Amino acid sequence: LQGIFVLGLPYALLHSGYSGLFLIILAAALCCYTGKILIACLYEENEDGQLIRVRDTYEDIANACCKKLSPKLGGIVVNVTQVMELIMTCILYLVVSGNLLSHSFPYVPVTEKTWSVIAFVTLLPCVFIKTLKIVSKLSQLCSLVHFIIILVVMTYCLTQIRQWSWAKFRLSIEFEDFLVSVGVIIFSYTSQIFLPTLEGNMKNPGEFRCMLNWTHFFACVLKTTFALTAFLTWGGETKEVITDNLPSFLQTLVNLCLLTKALLSYPLPFFAATEIVYACISRGNHSNYRSPLFALSVRGSFLLLTLLMAMFIPHFALLMGLTGSVTGAAMTFLLPSLFHLKLKWKKLSFLEKCADIFVFILGFLCSLAGIVCSIKGLLEVF
């Protein structure tokens, strides 16, 4: 919930004004709610009225909802959406790596795309990652680097407190820019694809709802504080990646920390995406698809795909907005509310049904509008 994409939130505030602050809070509340109803779909009541976990994954929930149409249709849709989101996340890490390197070494005659290729070369060992144990160690280092980055940016912003002015917030906003900001904010909260596995591995699954409340509350407070202090410091000069606004003596240091974080963050979504694809291909008795060489070729293909897409769409905020609007909205709002209504319709109260329908409609409208505006923005840039 506190990933590298938090760095895009001040830029989102630039285009959404006061409504952006409300959106950060609303997105936290809605994401927390959809996380709870998604986990509720994993359980069914037995004859004694006790809740029993009868499903394990997002895919299982989708298959249960679509079993009358096709036993595997729902799972296919969910897997495709999950892989899209994970791969797009990997692409974003490459894009931001190129951006950070170009700003850290402005005197080196190398383009941003070339820097992305250099970052890509350092990620080639990812094709040899076979277990989550290695990924978890990289993620621990990533969390430490993230803490250092946020501390440095916040400390600098607080030294500029005399320059802060609420007049920097706009009351009138451009509708299209606002919708791109919605996608950025939604994407900074997406975690639903990991929740079923997380809840299943908790020592006390009964504490899941409480955990979700507190994590989203603190994430909301931290995101709002960070975005607000950064925007009040730079106002209309706020850039897509907020660290580009730092003075040169700090920018190089923080950018190198961010680069380290981006590269350390890449293996988790990459590993998750390739595992989903490999599991789908090797299902059944297809022994030819279970060889180590085939697994290596799958990971290699995905690694190359992320580089090629990073070359063609080198715009951090617009790409993040598009991803948030497409896969983020689907996995975070649309599918959880739809699945909850389908599986629990008879047991839901009138207010619960209204809440699910409201979340679904809101998610659909945000997704549709965000897709149109993000694509339009990308076309204008090209």
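## Close-up views of a predicted model

**View 1. Asn 79 is buried, at 8% relative accessible area.** Here buried means under 20% relative accessible area, exposed over 50%, and partly exposed in between (1.4 Å probe, protein chains only). The model is predicted, so local features need pLDDT of at least 70 and side-chain atom pairs count only at pLDDT 80 or more, while totals for chains, interfaces and linings use all residues. Residues are numbered from 1 along each chain as its sequence is written, and side-chain values use heavy atoms, leaving out hydrogens and water. Asn 79 sits in helix H4, residues 73–104; helices (H or I, at least four residues) and strands (E, at least two) are DSSP runs numbered from the N terminus. Its side chain makes a polar contact of 3.4 Å with that of Glu 59. Such a contact is a pair of N or O atoms within 3.5 Å; within protein, one must be able to donate a hydrogen and the other to accept it, and residues adjacent in sequence count only if both atoms are side-chain atoms. Setting aside residues up to four places away in sequence, Asn 79 touches Glu 59, Ile 276 and Cys 280, where contact means heavy atoms within 4.5 Å.

**View 2. Tyr 58 is buried, with a relative accessible area of 2%.** You will find Tyr 58 in helix H3, residues 58–65. Tyr 58 and Ile 193 are 135 residues apart in sequence, but their C-alpha atoms are 6.9 Å apart in space. Beyond its neighbours within four places in sequence, Tyr 58 has contacts that include Leu 38, Val 78, Ile 193, Met 331 and Phe 339.

View 3. The whole structure holds five salt bridges, each a side-chain nitrogen of Lys or Arg within 4 Å of a carboxyl oxygen of Asp or Glu. In one of them, Lys 344 pairs with Glu 44, with 3.9 Å between the closest N and O atoms. Lys 344 is buried at 9% relative accessibility, whereas Glu 44 is partly exposed at 21%. Glu 45 forms another salt bridge, with Lys 347, at 4.0 Å between the closest N and O atoms. Glu 45 is partly exposed at 46%, and Lys 347 counts as exposed at 52%.

**View 4. Arg 53 and Asp 56 meet in a salt bridge of 3.0 Å, N to O.** Both partners are partly exposed: Arg 53 has a relative accessible area of 27%, and Asp 56 one of 48%. Elsewhere, salt bridges with shared partners join Glu 44, Arg 55 and Lys 344 into one network.

**View 5. Helix H6 runs from residue 132 to 159.** Among the buried residues of H6 are Val 135, His 146, Ile 149 and Tyr 156. Their cover includes helices H9 (208–234), H10 (248–265) and H11 (267–281).

How values were computed
The expected span of a helix is 1.5 Å times one less than its number of residues.
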